[in-house]
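Look at the structure first, then read on.

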Amino acid sequence: MLNVAVVGIGWWGKTLVPLLKRSNKLRVVKIVEVNAAAVADFARTHGVEVVSDYAEVLKDPAIQGVVLCTPHTMHTDQIVAAAAAGKHVFCEKPLSMTRADVLRAVKAINDHKVVLAVGHEKRFDPPVIEAMALVKSGAIGTPLQIEANFSQDKFLSLNADNWRLSNKEAPAGPMTATGIHLLDLSVGVFGEAARVFADVKQLGSQLVNGDTLAVLVTFKNGGHALLSAILATPFEGRFAVYCTRGWVEVRDKTHPEASEGWTLTTAFAGGRREVKEFPPAPNVLNNLEAFADAAEGRAPYPVAQSQMIANISALEAVFKSAATGAIVDVES
């Protein structure tokens with residue numbers, strides 16, 4: 001059993017704490033919130049101690065890992081500090097906001113021989129796992145292009161000063177909320193990106209940082225990804241990979257927050273098409289338990305550090321392209 005502290009008790013932190021109570025691989029022993037008094041009732045309800053100082057949990061020998069649910073720009077320094085204290089790290093996406101920072105975070109993790117995991121739970125969706133395996137097997141040929149959409153309107157109810165809507169924490173509008181998941185899956189198929197063109201607009205809401213994002217990513221191996229993320233339309237979740245002998249598509253039936261499962265469609269050369277239904281599955285918990293398995297030496301974490309780095313390298317290029325309107329080369 002891995003003893004962890006959940007750091008940052010906002011919307012997502014309050015989602016993870018009760019979820020982790022279902023696990024037989026992780027135990028939440030402390031939560032960290034700057035305004036501890038504001039979450040005292042929550043802590044009491046869930047039987048965990050709340051502290052206001054991150055450094056306090058890093059000094060606690062009973063805590064073996066941290067789960068970071070904090071604003072994006074805080075992640076790198078928090079990862080580095082946790083690694084130096086010998087704590088394993090599960091960090092919500094994005095790991096960092098720049099390539100330089102993610103390299104610094106990964107170096108600290110490796111220097112101190114601890115485990116790093118990231119909150120890309122879509123990697124743990126059962127139909128995504130099946131789709132990725134099908135693509136990697138070569139059964140539907142060489143991957144050519146990805147089309148993907150992760151849109152929602154949940155942020156329309158947030159206060160205007162919420163950090164998730166700020167230009168500091170969320171450059172390129174929807175990118176850090178939903179688009180980053182699609183970029184991660186695309187890196188999982190194609191590897192390192194070469195160039196990015198991104199355009200963000202405020203078209204259908206009061207979200208001044210942008211509510212409509214389109215991204216074209218060209219990868220070093222020649223493949224493309226066409227990514228769409230919108231914060232002013234009802235939920236849509238779709239991930240499709242087109243290959244030389246067929247294609248595969250995963251569609252969410254509902255928003256992942258209250259999943260009703262997925263539909264996996266596979267089309268093969270010659271016109272044959274197969275459809276498979278998947279029931280809901282605890283993908284967020286499965287990701288966290290994969291982190292625990294890696295931290296306790298039972299199995300490697302299934303997302304390679306090279307892909308974590310490639311994702312953030314491309315993300316930084318998305319930010320630059322959205323800000324300038326130019327095609328941006330991805331640093332490598």
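Q: Which elements do the buried residues of helix 6 pack against?
A: This model is predicted. One partner is a helix, helix 7 (179–190). The others are strand 7 (143–151), strand 11 (236–243), strand 12 (246–252), strand 13 (262–268) and strand 14 (273–278).

Q: Which residues of helix 6 are buried?
A: Buried means under 20% relative accessible area. On the other side of helix 6, Lys136 and Ser137 are exposed. The buried ones are Pro127, Val128, Ala131, Met132, Leu134 and Val135.

Q: Within what arc do the buried residues of helix 6 fall, seen down its axis?
A: An α-helix has 3.6 residues a turn, so residues three or four places apart point the same way. The buried residues of helix 6 line one face of the helix, because they fall within an arc of 160 degrees.

Q: How far apart are the end C-alpha atoms of helix 6?
A: Helix 6 has 12 residues, 126–137. At 1.5 Å a residue, they should span 16 Å. The computed distance agrees: 17 Å.

Q: Which helix gives the most to the lining of the largest pocket?
A: The largest pocket has a volume of about 740 Å³. Trp11, Trp12, Glu121, Pro256 and Val284 are the closest to its centre, out of 39 lining residues. Helix 1 (11–20) and helix 8 (283–295) each supply at least two residues of the lining. With 4 residues, the one that gives the most is helix 1.

Notes:
Residues numbered from 1 in each chain as written. Predicted model: local features only at pLDDT ≥ 70, side-chain atom pairs only at ≥ 80, totals over all residues. Heavy atoms only, no water. 1 Å grid on protein atoms, 1.4 Å probe; cavity = no way out; pocket = protein on both sides within 12 Å on 5 of 7 lines; lining within 4 Å. Points joined across faces, edges and corners; volume = space filled by probe spheres on them. Expected span 1.5 Å × (residues − 1). Buried < 20%, exposed > 50% of the residue type's maximum accessible area, 1.4 Å probe, protein only. Arc of directions from axis to C-beta. Contact = heavy atoms within 4.5 Å.
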